[in-house]
Amino acid sequence: MLNIALFGPPGAGKGTQAKMLAKKYNLTYISTGDILRNEIANGTELGLSAKSTIEQGGLVCDETIVQIIENSIKMQPDSNGILFDGFPRTYTQAYILDGLLTKMNFKLSCLISLEVPRDELINRMMLRAKQENRPDDKKEIIENRLREYDVKTIPVIDFYKQQNKFHAINGIGNIDEVFERLTNKIEEILSQTLLNVIFLGKPGAGKGTQARRIAKRFNMKYVSTGEMIRREIENQTELGKIAQPYLVTGDFVPDDIAIRLLEREIQNPFKGTGYLFKGFPSTLVQAYILGGLLQKQETSVSLVVEIQTSTLQAIKRLRRRANTDMARIYDMDHDTILYRLENHEEKGHKVVDFYKQQNKIVSFDGNQDEDDLFEEISETIEKAFKEIRK
């Protein structure tokens, strides 16, 4: 989801560029200025309350702005996000926008500001006043609007700088030149969007084999709670000593241990294209935990790969692994294998249902040839990258 706020002083050319960007990236276009003018033209209650303020070059009150934006945000089914033109204009409105997007389970991708010198802005708006006969483009009103911008709007820059979401673009040049600068910046931002993938499936489904190969092919950070726990046990850490009895019996390790390990892993900076989680979450509670952990990093689960295989096939694979150097402590006992499979049967379907409701599950036949399965999953991952970087 690409949600952009296009920012800049009056006369910077936001309206023209915003409409072009909305068309190119298939975004829902929200212009507070256009909406307010329509409300005024239609003589609505909101329009009448805003009219006198606009004609004097002032900023309409936040309560009115919030109402018109909430009334106007109607996402199209095929829309890739929202483009806000002229909002937020104040520090308070920046918080309001965060709240509105949170309510919709979205977040702002970036705020891009068109930078234009003051003299150029005045000349542009005076010319626009003659061409479009706009009453709010008289010289004294223009100067008042620019003063309002300096006093109330510039602090918004600091708000988004603190979130590393602010980007300044040179707004001087013809329309196509400025548009190219904007699209170059957006493409750069999109290239940094993480694709976070979960691999699910019963023990012995082949998750680890496929997940490692996928992580290597797509330069993703491979995160396996099982491997992290085994390292803790091998190093005889405090966490390892607590976790070891659970691995012996085939039980799920307590969530507080998994959280501490995942937090440590996710908080370490990396230059990959996303996270690949193998075997976590295993329960519905863990699905909520992972969502919260990723939200703290301002990202989320993008795709869930479910590898389906028969119980008999899973047992055969686990028994074969028990005779290799890849053997796990819980592979050695037949009863433990059955217990782990029953555990998965009881709790795993809730995790699958959780992500199905979010339309994030893609299922694959895990009984097929390993290389064929890898190519099928790779094709799906490639499509997912294209989707998030439209």
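## First sheet

Isoleucine 30 stands opposite phenylalanine 84 in β3. The model is a predicted one. The strand β2 pairs with β3 (residues 82-85) in the parallel sense, over four bridges. Both strands belong to an open sheet of five, ordered β2-β3-β1-β4-β5, with parallel pairing. At the edges stand β2 (28-31) and β5 (166-170); each has a single partner strand, so one side of each lacks a neighbour in the sheet. From one strand to the next, the twist averages 20°.

Further along the order, β1 and β4 run parallel and are joined by four bridges. Here phenylalanine 7 stands opposite serine 113 in β4. The strand β4 also pairs with β5, in the parallel sense and over five bridges. Leucine 111 has phenylalanine 166 in β5 as its bridge partner. How much of β4 is covered? It is mostly covered, with five of its six residues buried.

Helix α1 (residues 14-25) lies across β1 (4-7), β2, β3 and β4 (110-115). Its direction is at about 175° to β3.

## A buried leucine

Leucine 101 lies in helix α5 (residues 91-103). Is this residue buried or exposed? The relative accessible area of leucine 101 is 1%, and buried means under 20%, so leucine 101 counts as buried.

Leaving aside residues up to four places away in sequence, leucine 101 touches Ile82, Phe84, Phe106, Lys107 and Leu108. One of these, phenylalanine 84, is the residue opposite isoleucine 30. Threonine 193 is 92 residues from leucine 101 along the chain, and the C-alpha atoms of the two are separated by 18 Å.

Another open sheet of five strands has the order β7-β8-β6-β9-β10, and its pairing is parallel. The edge strands are β7 (221-224) and β10 (361-365), each with a single partner strand, so one side of each is left without a neighbour in the sheet. Neighbouring strands of this sheet are turned by 20° against each other on average, direction ignored.

Within this sheet, β6 (residues 197-200) and β9 (residues 303-308) run parallel and are joined by four bridges. Leucine 200 stands opposite glutamate 306 in β9. Helix α9 (residues 207-217) packs on the sheet, where it touches β6, β7, β8 (275-278) and β9. The direction of α9 makes about 170° with that of β8.

## Salt bridges

Side chains of opposite charge can pair when their charged atoms come close. The count for this model comes to 11 salt bridges. One of them joins arginine 118 and aspartate 150, whose closest N and O atoms are 2.6 Å apart. This pair links distant parts of the chain: arginine 118 is in helix α6 (residues 118-132) and aspartate 150 in helix α7 (residues 139-161), 32 residues apart. Arginine 118 is partly exposed, at 35% relative accessible area, and aspartate 150 is partly exposed at 32%.

Aspartate 371 and arginine 213 meet in one, at 3.0 Å from N to O. Aspartate 371 lies in helix α16 (residues 370-388) and arginine 213 in α9, so the pair ties together parts 158 residues apart in sequence. A salt bridge between glutamate 375 and arginine 217 has its closest N and O atoms 3.4 Å apart. This pair, too, links α16 and α9, with glutamate 375 and arginine 217 being 158 residues apart. Glutamate 375 is partly exposed, with a relative accessible area of 41%, and arginine 217 is partly exposed with 41%. Salt bridges with shared partners join Arg213, Glu370 and Asp371 into one network.

How values were computed:
Residues numbered from 1 in each chain as written. Predicted model: local features only at pLDDT ≥ 70, side-chain atom pairs only at ≥ 80, totals over all residues. Heavy atoms only, no water. Pairing = 2+ DSSP bridges. Helix = DSSP H or I, 4+ residues; strand = E, 2+ residues; numbered from the N terminus. Axes fitted to C-alpha atoms, helices over the stretch in contact; angles between N-to-C directions. Contact = heavy atoms within 4.5 Å. Buried < 20%, exposed > 50% of the residue type's maximum accessible area, 1.4 Å probe, protein only. Salt bridge = Lys/Arg side-chain N within 4 Å of Asp/Glu carboxyl O.
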